Amino acid sequence: MTPRGILIIGGGPAGAVCAERAARAGLGVTLLDDHLAWEKPCGGGLTHKALRAYPFLFDGPQPKKMVPEIELRCGADPPAKMKLDSPLVIYSRQTLNGLLLERAERAGCRVRRARAVALDVSSERPSARLSDGAQLEADFVVLAAGPRNRLLPDATADPAPAPLAPADFEQTAGYYVPGESDVLKIKFLPDFRGYLWSFPRADHLSVGICGKLDESSTATLRRHLDAYMDEEGLSQQGARFYSHLLPSPREHTLRARPVLGANWALAGDAAAMVDSITGEGIFYAMRSGELLGESLASDHPETYPRRLREEFGSELERAAGLAPRFYRERFLGAAITTRTIDFARRSPTFRRLLAGVFSGSQDYRTLPLRLWAQLPISLAEIAWSALAGR
Ligand SMILES: Cc1cc2nc3c(=O)[nH]c(=O)nc-3n(C[C@H](O)[C@H](O)[C@H](O)COP(=O)(O)OP(=O)(O)OC[C@H]3O[C@@H](n4cnc5c(N)ncnc54)[C@H](O)[C@@H]3O)c2cc1C
């Protein structure tokens with residue numbers, strides 16, 4: 001049976017794109033968000049994948065920053081600089097969310113500023129209670145309200161999604177800093193699962209840090225962040241602080257977590273659709289929302305989990321499996337993060353491969369094969385660079 005009346009809780013990239021697709025197909029869609037278009041704490045970086053799937057993000061008139069070059073560093077070592085085949089595009093989240101919500105509204109979705117405080121999926125028609133006491137009923141509810149567990153269908157739902165555990169999250173903290181740059185910078189720290197970043201936007205920088213929630217205290221993150229700001233010569237004067245949770249799911253969490261029930265589905269961060277290595281989530285939020293909207297519109301919501309898995313669920317599981325190894329294991333006597341930057345500095349072949357990972361054109365499925373295939377050339381380049389250095 002086609003769910004006719006759809007209630008979407010959350011108007012970020014996942015909820016807004018789902019709303020647009022379902023409304024465009026003629027379904028009755030209401031979307032709730034307690035902020036609507038707001039500066040959600042985020043880098044705002046969009047990779048090649050997102051720009052290829054949603055060209056309006058590249059072509060549209062909205063203010064954004066095109067970034068042709070990234071700089072990677074680990075600890076006190078010199079940086080590796082990489083030109084990107086396809087530039088990254090960086091949005092302020094207020095602009096991006098506003099653009100996506102406007103498209104949903106134009107497609108016929110009813111967009112309301114309201115906060116849901118409880119969700120009940122136990123009867124045939126699911127319902128949400130709002131903060132003003134009102135109750136909204138629908139035929140189907142989409143939970144796209146970000147990664148917190150508060151509104152998840154409870155254990156009585158069948159299937160019941162287990163709440164994300166602290167080990168499935170990263171804590172983030174950062175500043176919006178007045179300033180301009182054309183280079184996106186990422187810095188890894190020795191023995192630290194996470195990284196620091198400086199993302200240039202149209203008229204400011206988003207500078208921040210992420211670290212595993214169960215491994216790094218907020219105080220530690222602030223200490224690293226403040227030291228990084230000093231190093232980059234960035235002042236906290238006029239800067240605005242932000243902090244937020246970012247899903248960083250473990251492999252088995254992604255594999256085991258249901259995203260669809262009889263009258264509900266999860267999309268975006270609510271479904272933990274985030275790359276556990278890079279923290280990229282906007283593309284996966286948009287595309288999961290789109291796949292869900294299409295599945296609802298075509299009368300087959302049951303196809304959503306399969307389509308999600310086929311398109312990128314297994315890729316995210318691969319990232320989740322690789323993440324602990326990337327941050328913890330050692331190679332040739334040094335941390336993999338250190339070696340990665342060292343190799344990128346010395347080998348143009350390796351650098352191109354890594355640039356593909358960061359710009360989103362290189363997937364994790366074919367990455368090990370390409371790494372092995374290119375290893376002899378990379379090692380020759382590294383040896384040559386070491387000799388030339390001497
Ligand atoms: C610091 C940081 C940096 C990041 N940088 C990047 C990056 O550079 N590139 C990238 O691709 N990804 C990045 N991400 C990840 C990205 O921000 C998320 O993956 C993406 O926003 C997920 O979209 P979403 O629609 O699922 O959720 P969200 O964007 O979180 O949207 C959820 C919406 O639900 C609303 N909401 C929540 N609760 C309720 C409620 N009870 N009632 C009504 N509305 C509610 C909120 O107001 C919000 O608008 C970053 C994340 C963080 C924390």
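Which domains does the domain assignment of the protein give? The assignment gives domain 1 (5–41 + 93–163 + 250–321), domain 2 (166–247) and domain 3 (325–389), with bounds that come from an automatic or database domain assignment. The structure is a predicted model, in which local features need pLDDT of at least 70, side-chain atom pairs count only at pLDDT 80 or more, and totals for chains, interfaces and linings use all residues. Residues are numbered from 1 along each chain as its sequence is written.

**Domains and their contact**

- The centres of domain 1 and domain 2, taken over C-alpha atoms, are separated by 27 Å.
- Nine residues from domain 1 and 13 residues from domain 2 make up the contact, where two residues are in contact if their C-beta atoms, placed from the backbone, lie within 7 Å.
- On the side of domain 1 that touches domain 2, there are four nonpolar, two polar and three charged residues.
- In this classification, Ala, Val, Leu, Ile, Met, Phe, Trp, Tyr, Cys and Pro count as nonpolar, Asp, Glu, Lys and Arg as charged, and the others, Gly among them, as polar.

**Surroundings of the ligand**

- Around the ligand there are 38 residues, of which G10, G12, G43, G268 and G281 come nearest; a residue is near a molecule or strand if its C-beta atom, placed from the backbone, lies within 6 Å of it.
- Two or more residues of this shell are given by each of α1, β2, β11 (169–178), β15 (240–247) and α7 (282–297).
- Helices (H or I, at least four residues) and strands (E, at least two) are DSSP runs, numbered from the N terminus.
- By class, the shell around the ligand holds 16 nonpolar, 16 polar and six charged residues.
- Both domain 1 and domain 2 contribute to the shell, with at least three residues from each.

**Helix α1**

- Helix α1 has twelve residues and reaches 16 Å from its first C-alpha to its last, close to the 16 Å expected at 1.5 Å a residue; the expected span of a helix is 1.5 Å times one less than its number of residues.
- The helix is mostly covered, since eleven of its twelve residues are buried.
- A residue is buried if 20 or more other C-beta atoms lie within 10 Å of its own, exposed if 12 or fewer, and partly exposed in between, with C-beta atoms placed from the backbone.
- The buried residues of α1 include P13, A14, E20 and R21.
- Their cover includes β1 (5–9), β2, α4, β10 (140–143) and α7.
- Just after α1, G26 takes a positive phi of about 100°.

**Helix α4**

- Helix α4 (residues 93–106) has 14 residues, and from its first C-alpha to its last it reaches 20 Å, close to the 20 Å expected at 1.5 Å a residue.
- R93, L96, N97, L100, L101 and A104 are buried in α4.
- Seen down the axis of α4, these buried residues fall within an arc of 125°, so they line one face of the helix; the arc is that of the directions from the helix axis to the C-beta atoms.
- The buried residues of α4 pack against α1 (13–24), β2 (28–33) and β6 (110–113).
- G108, which follows α4, has a positive phi near 115°.

- Most residues other than glycine have a negative phi, and most peptide bonds are trans.
- L36, in the loop between β2 and β3 (45–46), has a positive phi near 60°.
- L36 counts as partly exposed because 17 other C-beta atoms lie within 10 Å.
- A272, in the loop between β16 (264–266) and α7, has a positive phi of about 60° although it is not a glycine.
- A272 is buried because 25 other C-beta atoms lie within 10 Å.

**Two individual residues**

- F188 belongs to strand β12 (residues 183–188) and counts as buried because it has 23 C-beta neighbours inside 10 Å.
- Not counting residues up to four places away in sequence, F188 touches C74, Y195 and T337.
- E381 lies in helix α11 (residues 367–389) and counts as partly exposed because it has 18 C-beta neighbours inside 10 Å.
- Leaving aside neighbours within four places in sequence, E381 is in contact with R346, S347, P348 and T349.
- The C-alpha atoms of E381 and D363 are separated by 24 Å, and these residues are 18 apart along the chain.
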